[in-house]
Amino acid sequence: MLERFHLEVLAAIKEQGTLTQAAESLNLSQSALSHSIKKLEGQIKTSVWQKEGRNLRLTNAGEHILTLAGRVLPQFKHTELLLSQMAKGEMGSLRIGMECHPCYQWLLKVIEPYLEKWPNVDIDVKQEFQFGGLGALHSYEIDILVTPDPLYKPKLTFIPVFDYEHRLVVSSSHPLAMQSSIMPEQLNEEVLFSYPVEPERLDIYSQFLNPAKCTVKKHKTIETTEIMLQMVAAGRGVCALPGWLVDEFAKTMAIKSLRFGQDGIKKQIFLGMRKGEEQINYLSDFVALAQNIR
């Protein structure tokens, strides 16, 4: 009863607002579009939209169809792209979503040898999915999600890439720099810099400060790693970052990293993929490269 065309029409109506604009976006006549939807309404015995002046408003039935369109149409486009690439003898495209802000520097080390090995694969890194890429992976907007916090779902698989320790970063001249580890209450008077993420998603809160019922004097957000570490090196505050990343910057900056408590905060980086696609050669090879680069 429902066809792909109906999904595309409802999606166009929602996006464009009017029947005329929707028909133009689909390269159809307005009468052809109306006739198709009237036929569908006759089959399902309910309307899918209502006219409000020049605009159209989707009914409950129309909204249900639109929800289906949001899930299915990206899968159609993704499969058609793959088929087109196969027909042309191309290997495909790799769209990577970043849910790990500080992992960008690491990702660059993986991409360089990967591009040399797979010259026919295009790569696109989508940073707009930082801190919320699970939906993009489900909806076929990305192919791989780089994340330190996997959420296991039936249709997804998460492959561990490497282990690391999350550490506190202070200026080399900070009084705490004399220590090898830090306790929660020692941060009560500190200014904490972090990426623009909800505090409950920050490990320094969820795994260190909150369990001890402690907090910091002030919390400020900074988008770029370099600026954040420059602020720390200047003694303006502290931050928490992966140990491997801090080690890289510590070669040229006056900073030092400390362990959180006696045991530290142990973390892993994962690559999330849709189940069944982990065997695609150019995707599996990306995973293999990523597991061997720190």
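How many bridges pair β6 and β12, and in which sense do the two strands run? β6 and β12 pair over 10 bridges, in the antiparallel sense. The model is predicted.

**Strand β12 and its partners**

- Strand β12 spans residues 265–274, and eight of its 10 residues are buried, so the strand is largely enclosed by the rest of the structure.
- In the antiparallel pairing of β6 with β12, Thr157 stands opposite Met273 of β12.
- β12 also pairs with strand β5 (residues 144–147); these two run antiparallel and are joined by three bridges.
- Leu145 has Gly272 in β12 as its bridge partner.

**Strand β10 and its partners**

- Strand β10 covers residues 238–242; five of the five are buried, so β10 is largely enclosed by the rest of the structure.
- Strand β6 (residues 156–171) pairs with β10 over four bridges, in the antiparallel sense.
- Arg167 stands opposite Leu241 of β10.
- Strand β8 (residues 191–194) pairs with β10 in the parallel sense, over two bridges.
- Cys239 in β10 is the bridge partner of Phe193.

**Arg167**

- Arg167 lies in strand β6.
- Arg167 has a relative accessible area of 16%; the cut-off for buried is under 20%, so Arg167 counts as buried.
- The side chain of Arg167 makes a polar contact with the side chain of Ser257, at 2.8 Å.
- Leaving out residues up to four places away in sequence, Arg167 touches Cys239, Ala240 and Leu241, among others.
- The residues it touches also include Ser180, Gly243, Ser257, Leu258, Arg259 and Phe260.

**Helices α1 and α3**

- Two packed helices are described by the distance between their axes and the angle between those axes.
- The axes of helix α1 (residues 4–16) and helix α3 (residues 30–44) come within 11 Å and cross at roughly 115°.
- The crossing of α1 and α3 is left-handed.
- On the α1 side, the residues in the contact are Phe5, His6, Val9 and Leu10, and they meet Leu33, Ser36, Ile37 and Leu40 of α3.
- By class, the contact of α1 with α3 has six nonpolar residues, two polar residues and no charged residues.

Key: Residues are numbered from 1 along each chain as its sequence is written. This is a predicted model: local features need pLDDT of at least 70, side-chain atom pairs count only at pLDDT 80 or more; totals for chains, interfaces and linings use all residues. Side-chain values use heavy atoms; hydrogens and water are left out. Axes are lines fitted to C-alpha atoms, for helices over the stretch in contact, and angles run from 0 to 180 degrees between N-to-C directions. A crossing is left-handed if the near helix is turned anticlockwise from the far one by less than a right angle, and right-handed if clockwise. Contact means heavy atoms within 4.5 Å. Ala, Val, Leu, Ile, Met, Phe, Trp, Tyr, Cys and Pro count as nonpolar, Asp, Glu, Lys and Arg as charged, and the others, Gly among them, as polar. Buried means under 20% relative accessible area, exposed over 50%, partly exposed in between (1.4 Å probe, protein chains only). Two strands pair if DSSP finds at least two bridges between them. A polar contact is a pair of N or O atoms within 3.5 Å; within protein, one must be able to donate a hydrogen and the other to accept it, and residues adjacent in sequence count only if both atoms are side-chain atoms.
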